[in-house]
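Me: Can you walk me through a few packing details in this one? I'd like to go piece by piece.

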Amino acid sequence: MHRLRSADQDDGTDMTRVRVASVALLLLVLWCLASLTGGRGPGLVIYSSVGVAPAIVAAYARETGRPATVLTMPGGMLLARVSAEAHHPRWDAVWFEGDGGAVALDRARLLAHGVVPELDWTPTGRDLQPADRSYEVTGFTLAGVFLSRRDQGHAPRNWRDIMGAARVGMANPALSGPAYPLLAGMLALNGGWPAGQAALRRMVAGGLLVGPSNPSVLVALRVGRIGTAIVQSAAAIALARANPDYVVDIPSPAFVLPAVAAVAADRPAARQQEAASFLRFIMRPDIQSQRMRQPGAERLFWPVTARPAQPDLPDAGGIVLSHPDPDIWGPRQAEVTGWFQQEIMR
Amino acid sequence: MSGARRWIGFMGICGPSVLFGAVIAVCFLYPLTRFLMLPLMPDWAPLPGLGAASGPGLSSGALWNTVRLSTEAGLLVIPPGLLAGFLLERRRWRGAGLLSAALWGIFLMPSYLLTMGWQIVVAAPFLAGGAAGHLLYGEAGIVALLTVKGLAFSSVAARAGWHAVGADMDAASRVHVPAAWRRAWLTLRLLLPVSGSIFTIQVVAASQDFGIAATLGAQARMPLVIYAIYQDLSTVPLDFTRAARLSWVLVLLALAALVVQAVLARRSAMAGGGHRHRPGVAPCGRGMTVLAWSLTVGILLAGEVVPLLALAAQAMGDTGSGDALLIDGEGWRGIGLSLRYAFVSAVFAVLLAALILGGRMRAGGSGRVVARMLLWLTSANMAVPGVILGAAYVIAFNGRVLSLYGTPALLILAYTASHLPIAIRFLDAPFAHLHRGLGEAARVHGVSLARRVERIYLPLLFRRLTWAWGMVFVTLFFELPLSEILYPAGSAPLGVKLLSLDDTLHYGAEARLALVAMGICLAVTAAAIILVPRLVVGSGPERMGGAGNARTAPSLEQENA
């Protein structure tokens with residue numbers, strides 16, 4: 001009883017403390033909620049797997065004075081998130097690599113039509129643009145070039161070499177956006193779908209390493225687990241320029257990997273207009289020049305408009321290009337990557 | 001008039017239960033039912049997976065791997081878990097504080113960073129391609145990391161178990177059982193229920209661990225169900241229906257484990273029964289001291305020192321991709337957002353847990369039944385990992401009604417709902433130890449509920465509430481799967497930021513951000529759980545944490561009994 005009596009004596013102080021603490025907690029929670037949910041809205045929302053997107057979106061917001069938010073994620077996850085959101089999208093524009101994915105989204109009626117501007121396209125650029133103008137090609141890289149360690153004896157130079165070579169790595173097309181066009185190209189080169197499966201099975205038997213992303217394949221190359229990585233041209237060229245231990249071979253043919261931007265079909269008209277103006281902004285010559293001045297690998301793309309020219313890459317005219325038809329390979333993406341997951345990743 | 005009064009009376013008794021029922025329905029029942037019914041109602045999926053037909057569903061390899069690895073981790077964690085609990089609850093030795101800190105450290109360490117640290121270690125030139133790499137990228141590595149990660153929770157359960165084997169039991173066995181080995185055997189048998197409890201918690205936790213499955217599991221080509229679900233939800237081909245089928249496997253596995261645990265808990269209550277005195281704390285013998293220090297150093301090395309040093313080395317050494325040796329604005333923003341998300345959600349989770357457990361203490365029979373049901377429902381939610389809850393929320397909150405997807409509110413809701421079971425588990429014992437006579441005596445004397453909470457319950461429970469908050473806060477601060485699935489535009493929490501740095505090859509920047517975030521998280525949590533109780537309840541009646549002053553609360557109860 002003694003303890004309870006002493007507690008009674010301190011009761012007033014204790015209760016004041018408890019009340020003050022409760023009020024402080026309540027205020028803190030309210031402040032957190034207000035700061036998380038209130039404030040300036042996200043404005044134009046862009047989902048992107050293109051590394052340069054944050055810088056360009058920031059430039060857009062600066063120039064227009066209107067808020068814009070970019071969510072960057074790997075290409076496979078971007079497609080999955082967009083299809084999960086389906087006809088209640090939280091995005092206004094998407095910007096990612098691989099026109100097959102764009103065709104698949106368009107078939108699911110998720111992309112707005114006729115919002116893509118008419119520009120001064122190069123011949124390659126004009127070929128890459130879709131007839132229904134459901135997406136805009138903003139430039140292209142190559143889906144798979146060979147990045148080899150210089151200390152490796154016989155670096156593979158062409159597709160026949162690579163199909164028979166041991167210690168080769170590529171990214172998983174279920175996760176990495178650029179890996180699916182590469183896989184599609186490799187299948188197309190070996191008899192199409194499903195005949196090309198045999199070539200991939202041979203590569204697995206030869207010890208093909210499949211990493212979750214392009215960076216993880218590069219790490220495997222760096223630590224010597226593989227001798228050659230089949231990766232996107234921008235990453236390969238950037239690494240080889242920074243480190244003379246690596247050498248890049250552009251195979252013939254090289255598979256075109258277009259970067260595409262599109263507008264959500266199920267957003268209000270005003271937001272679609274805003275998103276369309278962002279698509280025009282990306283393609284402005286000064287903004288394309290800005291994209292070509294970015295640090296790292298992001299600047300190493302070939303433009304699809306006549307201006308500006310890419311100063312940092314060999315002329316695309318000197319490369320034998322092959323473009324896996326997105327109308328054929330896009331709708332097949334789920335089936336092909338599903339097969340890859342079950343047969344190759346097993 | 002009397003009808004209205006009866007209605008008010010009914011609401012007074014059942015109102016909180018109705019409120020909790022509504023919360024449970026919105027947070028768990030509605031979204032989970034909608035998601036888990038997908039195998040029967042495939043039309044409920046947002047899009048039929050970019051043109052893909054739903055695959056055959058259950059991958060037997062992933063299923064077998066999950067069951068086997070979780071069981072192995074569940075068995076492996078029992079001995080060190082029991083030992084840690086024994087050392088913290090029954091022995092007085094100089095390293096107890098360090099062991100406790102080491103266990104907290106493991107709890108604080110997100111499994112994806114733990115894995116990343118060890119991956120950096122085995123990628124070191126002198127280890128690359130050697131046996132260490134093969135071991136880590138295989139079953140042994142995955143099970144070892146799952147075991148290390150599971151030690152934090154196991155030791156909490158083990159402490160409760162050692163506490164339950166009270167002083168009366170010790171004294172009785174000393175009098176009635178002369179042989180020391182038989183006394184030890186008796187103690188071990190008494191600890192069987194708690195071992196079962198440790199095992200089941202670990203099986204559930206291991207089968208649901210996303211960080212290790214997504215890193216080591218994926219790279220070791222050892223598919224695990226949790227990662228297979230995530231792949232179905234977040235990669236092409238998107239397949240919500242197959243994800244739902246796989247989710248059933250995890251849910252049923254966890255429910256089976258929870259049923260086993262409930263049976264064991266009942267046996268434990270029957271065996272231990274009655275009122276207990278707190279057991280004494282004895283000094284350590286020489287052999288036990290060696291064992292204690294080995295365990296502490298082992299945990300410290302495997303769970304913290306080695307992975308953190310590896311991260312630090314990476315953070316200092318690798319400035320590739322032109323990164324500065326500083327955290328950029330985006331990194332700080334991620335930390336700030338995670339601090340707020342985790343703070344608010346942890347407060348909500350602990351408050352809800354306290355309300356539900358408080359409801360259980362009510363005298364009225366109906367209130368107790370509903371509270372018991374809610375307790376079961378939230379326990380069952382332990383069977384639902386973040387990935388499944390995230391998927392369920394995408395479907396449930398992305399329509400015309402309750403259109404919350406892509407808002408911070410949904411992330412807070414998901415964080416709170418997913419961590420409510422942890423808060424309930426942690427607060428279950430302290431609430432159960434509260435003597436109901438305390439509150440009832442006050443009620444009979446006309447003390448209002450608000451004053452009873454203020455004067456009796458809060459001072460007695462405050463420290464435990466802050467600890468529960470700390471536990472939830474730490475796990476939410478680095479939360480990955482829910483954040484990855486539900487983060488709103490422009491407000492990506494820390495986990496998403498770290499993973500995106502990982503994806504873009506900025507390992508040095510990732511390691512730096514992770515280390516700074518850990519420091520901040522540790523500072524905030526330590527301040528909250530050490531300073532706040534001192535400021536609020538001061539040297540009041542509730543001092544359950546330390547060994548020396550832990551007798552106050554039980555002795556108060558006895559005086560009132």
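Me: Which residue in β8(A) does Ser148(A) stand opposite?
Reply: In this predicted model, Ser148(A) stands opposite Thr228(A) of β8(A).

Me: And how do β5 and β8 of chain A run, and how many bridges join them?
Reply: Strand β5 (residues 145–149) and strand β8 (residues 228–231) of chain A run antiparallel and are joined by 4 bridges.

Me: What is the strand order in the sheet of chain A?
Reply: The order is β7-β6-β8-β5-β9 in an open sheet of 5 strands, and the pairing is mixed. Because β7 (209–211) and β9 (246–249) of chain A each have a single partner strand, they stand at the edges, and one side of each is left without a neighbour in the sheet. From one strand to the next, the twist averages 25°.

Me: Which helix packs on that sheet?
Reply: Helix α11 (residues 233–242) of chain A does, touching β5, β8 and β9 of chain A, and its direction makes about 145° with that of β9(A).

Me: Switching to chain B, how do α17 and α18 cross?
Reply: The axes of helix α17 (residues 386–396) and helix α18 (residues 408–433) of chain B come within 11 Å and cross at roughly 140°, which means that α17(B) is oblique to α18(B). The crossing of α17(B) and α18(B) is right-handed.

Me: Which residues make the contact?
Reply: From α17(B) they are Gly386(B), Leu389(B), Gly390(B) and Tyr393(B), and from α18(B) they are Leu410(B), Ala414(B), Ala417(B) and Ser418(B). Sorted by class, the contact of α17(B) with α18(B) has 5 nonpolar and 3 polar residues, with no charged residues.

Definitions and conventions:
Residues are numbered from 1 along each chain as its sequence is written. Chains are lettered from A and ligands numbered from 1 in the order in which they are written. This is a predicted model: local features need pLDDT of at least 70, side-chain atom pairs count only at pLDDT 80 or more; totals for chains, interfaces and linings use all residues. Axes are lines fitted to C-alpha atoms, for helices over the stretch in contact, and angles run from 0 to 180 degrees between N-to-C directions. Helices (H or I, at least four residues) and strands (E, at least two) are DSSP runs, numbered from the N terminus. Angles under 35 degrees count as roughly parallel, over 145 as roughly antiparallel, 65 to 115 as roughly perpendicular and the rest as oblique. A crossing is left-handed if the near helix is turned anticlockwise from the far one by less than a right angle, and right-handed if clockwise. Two residues are in contact if their C-beta atoms, placed from the backbone, lie within 7 Å. Ala, Val, Leu, Ile, Met, Phe, Trp, Tyr, Cys and Pro count as nonpolar, Asp, Glu, Lys and Arg as charged, and the others, Gly among them, as polar. Two strands pair if DSSP finds at least two bridges between them.
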